[in-house]
Amino acid sequence: MNETRQTLLEVRGLKKYFPIRKGLLRRVVGNVRAVDDVNFTIRRGETLSLVGESGCGKTTTSRCILRALTPTAGDVNFLTEKQRVVNIATVPKSQLRPLRRQMQMIFQDPYSSLNPRMTLLDIIGEPLLVNGVGTASDRRDRVEELLKLVGLPPEFMSRYPHAFSGGQRQRIGIARALALEPALIVADEPVSALDVSVQAQIINLMLELQEEMGLSYLFVAHDLSVVKHVSDRVAVMYVGKIVEIAGTEDIFQQPMHPYTEALLSAVPKPDPRLRSQRIILEGEVADPASPPSGCYFHPRCKHVIDRCRTESPVLEEVQPDRFVSCHRARELTLAGVQE
Amino acid sequence: MSVAIEPQEQETVSAQRIFVATQWQLMWWRFRKHKLAMIAAAIIILFYVGVVFADFLAYADPQISEAQRSLLPPQPIHWYDGDTFRPHVFGLTGKRDPKTFKRVYQPDPNLKVPLKLFAEGYEYKFLGLFKTNRHLLGVEGARAEDTIFLLGTDLQGRDLFSRLMLATQLSMVIGLAGVAMSLFLGILLGGLSGLYGGAVDNIIQRMIEIVRSIPTIPLWMALAAAVPTSWPITRVYFFITLILGIIGWTTLARVVRGRFLSLRTEDFVTAAELAGAGQMRIIFRHMVPSFLSHIIAATTLALPAMIIAETSLSFLGLGLRAPAISWGVLLQQAQNIQAVALSPWLLYPAIPVIVAVLAFNFLGDGLRDAADPYG
């Protein structure tokens with residue numbers, strides 16, 4: 001991708017631990033390390049996908065970035081409209097509102113993300129209202145415009161969410177996210193609750209809007225075929241840590257982390273002769289409350305060496321713009337997805 | 001742009017009506033289908049109309065006693081005088097049976113007392129607003145107190161029908177007041193508990209457990225014993241409501257807490273938060289409308305418990321006492337087997353208690369089913 005693009009968001013050393021409490025006195029007996037030292041950047045106009053199995057910390061990461069959850073440690077540096085860098089992780093709650101105008105979220109479940117007791121006008125107009133944008137009639141005009149933008153007729157404004165299908169609801173959710181013209185949109189599995197036919201429509205809408213408005217996306221997903229279609233770069237997460245970040249082409253053609261390889265082998269292939277190459281990971285996903293020693297992936301890795309069991313790898317730039325967290329990244333040749 | 005979705009031609013008028021329907025409309029449409037609840041709602045409305053017009057519906061002064069007409073059995077209305085429609089009751093003569101010492105009453109078919117609508121009777125203040133002496137029913141040329149006894153009289157010779165009207169007023173209102181009290185406490189404490197969590201939640205939840213673990217009857221007895229006998233009825237009345245409220249708030253508090261807890265993690269609440277909505281807006285625009293209907297249903301289901309509580313307290317002599325008139329006070333007269341065996345009409349006040357409690361339960365069931373039209 002274009003190297004000269006500005007960095008919009010930089011996540012450094014992000015951690016989110018959830019304490020485990022036990023007993024009558026609710027003493028902390030341990031931590032679930034949902035997000036454990038995550039680093040990545042998103043450039044302006046770029047789509048970064050965050051992929052991984054369920055429970056690997058993708059959603060927690062995305063919510064920490066928006067400060068829907070307060071991180072335990074780490075920085076989330078965001079470049080504001082005024083070209084100022086603000087650390088969202090530590091900014092006082094009272095100063096969050098102007099920042100939140102610039103970063104919005106699209107939710108996974110189009111049913112629970114829209115208040116069933118409000119009309120579209122109220123739902124999409126809410127970000128405008130609470131941020132004091134325009135008069136009531138201005139807001140109405142803007143909602144009309146937004147509905148057209150996401151491909152819904154403006155006369156649907158007086159309807160309630162129960163009048164709409166899943167795909168239409170997701171369009172409403174997108175319209176709401178766009179209301180304040182944010183620079184960054186965090187999309188938390190925006191299509192995984194939808195029918196496949198509708199998924200394509202929503203994905204294409206998101207791509208069109210990106211082109212039109214210069215949006216950056218953090219696209220959280222587990223469906224790799226969708227990820228391949230939308231993203232510029234891909235970050236792979238495993239048990240709260242990022243194991244590999246690289247350009248989409250690179251990562252799909254030649255992954256450098258054994259976990260990435262295993263994930264890619266699970267992508268459905270049209271050619272039945274290739275299907276036997278699927279790597280079935282043995283064992284369970286590591287428990288983020290008591291992760292294994294060394295590399296978290298070592299109990300399931302077929303390339304494991306002694307060093308993996310004791311020493312945990314760090315995310316290093318193995319090739320230009322390719323970051324991998326594996327001791328054997330330079331020596332292994334792993335299989336990607338053949339075209 | 002991707003393919004725009006056009007309003008479909010085949011959308012029927014009724015579908016479009018549903019699409020723009022508010023939650024209250026959706027709830028009403030669903031509630032309407034619940035026949036039993038609709039009937040119950042009508043009965044409840046009737047009861048409360050009775051509450052408003054209690055003095056108008058009564059025809060005899062409920063406090064006037066007369067030894068000469070004690071324990072008079074219910075008196076039938078005769079609709080026709082010969083062939084003409086002229087509702088009337090027969091005059092009565094009473095004398096004491098020399099063997100049993102029981103008073104026996106003999107209707108006199110020649111002494112016809114004609115009934116009259118909107119007759120004048122004892123004077124009362126309508127809803128505390130203005131004085132009037134109009135009553136739905138009365139008699140011509142005599143005092144209603146001396147002539148009509150539709151449901152008979154009690155030991156002191158007071159007209160049971162008129163007393164029942166006023167008892168209904170008091171018992172139904174005390175139920176409402178008790179529920180209002182527990183609603184206030186329940187929403188306040190349950191809301192704090194669900195909203196803040198942590199230590200506040202812990203303290204309030206343990207408090208609820210303690211309140212719920214106290215056996216109710218001894219608690220009532222203790223609290224009732226604390227009411228000085230010299231207090232005027234109004235203050236006793238207020239105190240009883242307070243007791244009912246203090247016991248009843250726990251269930252509602254739990255409902256409210258549960259709702260807050262589940263709504264706090266809802267995506268649409270997070271969305272509002274991310275949009276920059278303040279806490280007040282999130283609570284009153286997003287959370288409260290989402291559980292208001294559940295609260296209404298829970299309140300309706302809490303009402304019969306209040307009514308039963310007041311009735312049993314008064315029946316046991318721990319709640320309201322004469323000269324106050326409530327269902328429990330009326331039923332107190334039916335406490336001994338002799339009274340029930342010889343004058344079974346003294347048990348009639350139990351009927352409205354049962355009907356009201358059942359109606360509230362059915363209404364509450366219907367409301368609960370309709371409360372979440374999106375479920």
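Let me begin with helix α1 of chain A, residues 58-65, which is mostly covered, since seven of its eight residues are buried. Buried means under 20% relative accessible area, exposed means over 50%, and partly exposed lies in between, with a 1.4 Å probe and protein chains only. Helices (H or I, at least four residues) and strands (E, at least two) are DSSP runs, numbered from the N terminus.

Before I continue, a word on the source: this is a predicted model, in which local features need pLDDT of at least 70 and side-chain atom pairs count only at pLDDT 80 or more, while totals for chains, interfaces and linings use all residues. Residues are numbered from 1 along each chain as its sequence is written, chains are lettered from A and ligands numbered from 1 in the order in which they are written, and side-chain values use heavy atoms, with hydrogens and water left out.

Which residues of α1(A) are buried? They are A:K58, A:T60, A:T61, A:S62, A:R63, A:C64 and A:I65. Just after this helix, A:R67 takes a positive phi of about 60°.

**Domains of chain A**

Chain A is divided into domain 1, residues 7-102 + 182-324, and domain 2, residues 109-181. These bounds come from an automatic or database domain assignment. The centres of the two domains of chain A, taken over C-alpha atoms, are 28 Å apart. Their contact (heavy atoms within 4.5 Å) takes 17 residues from domain 1 of chain A and 15 residues from domain 2 of chain A.

The area buried between these two domains of chain A is about 1400 Å², with 69% of it from carbon and sulfur atoms. Buried area here is the accessible area, with a 1.4 Å probe, that two parts lose on being put together, summed over both. On the side of domain 1 of chain A, the residues that lose the most area to domain 2 are A:R101, A:P182 and A:L205, together 35% of what that side buries.

How many salt bridges are counted between domain 1 and domain 2 of chain A? The count is zero. A salt bridge is a side-chain nitrogen of Lys or Arg within 4 Å of a carboxyl oxygen of Asp or Glu. To the side of domain 1 of chain A that touches domain 2, α6(A) gives the most, with eight residues.

**The nonpolar cores**

A nonpolar core is a set of buried Ala, Val, Leu, Ile, Met, Phe, Trp, Tyr and Cys residues joined through side-chain atoms within 4.5 Å. The largest one has 64 residues, and A:I174 and A:L178 touch the most other members. Helix α6 of chain A, residues 196-213, supplies the largest share of this core, six residues. At least three residues of this core come from each of domain 1 and domain 2 of chain A. A second, separate core has 58 residues, including B:V179 and B:W327.

**Between the chains**

Turning to the interface, 35 residues of chain B are in contact with 41 residues of chain A. The two chains bury about 3300 Å² between them, 55% of it on carbon and sulfur atoms. Four salt bridges are counted between chain B and chain A. The side chains of A:E126 and B:R281 meet in a salt bridge at 2.7 Å, N to O. On the side of chain B that touches chain A, α10(B) gives the most, with eight residues.

**Salt bridges within a chain**

Over all chains, the whole structure holds 31 salt bridges. In chain B, the side chains of B:R69 and B:D146 meet in one, at 3.2 Å, N to O. B:R69 lies in the loop between α4 (54-57) and β1 (78-81) of chain B and B:D146 in helix α5 (residues 144-147), so the pair ties together parts that are 77 residues apart in sequence. B:R69 counts as buried because its relative accessibility is 8%, whereas B:D146, at 42%, is partly exposed.
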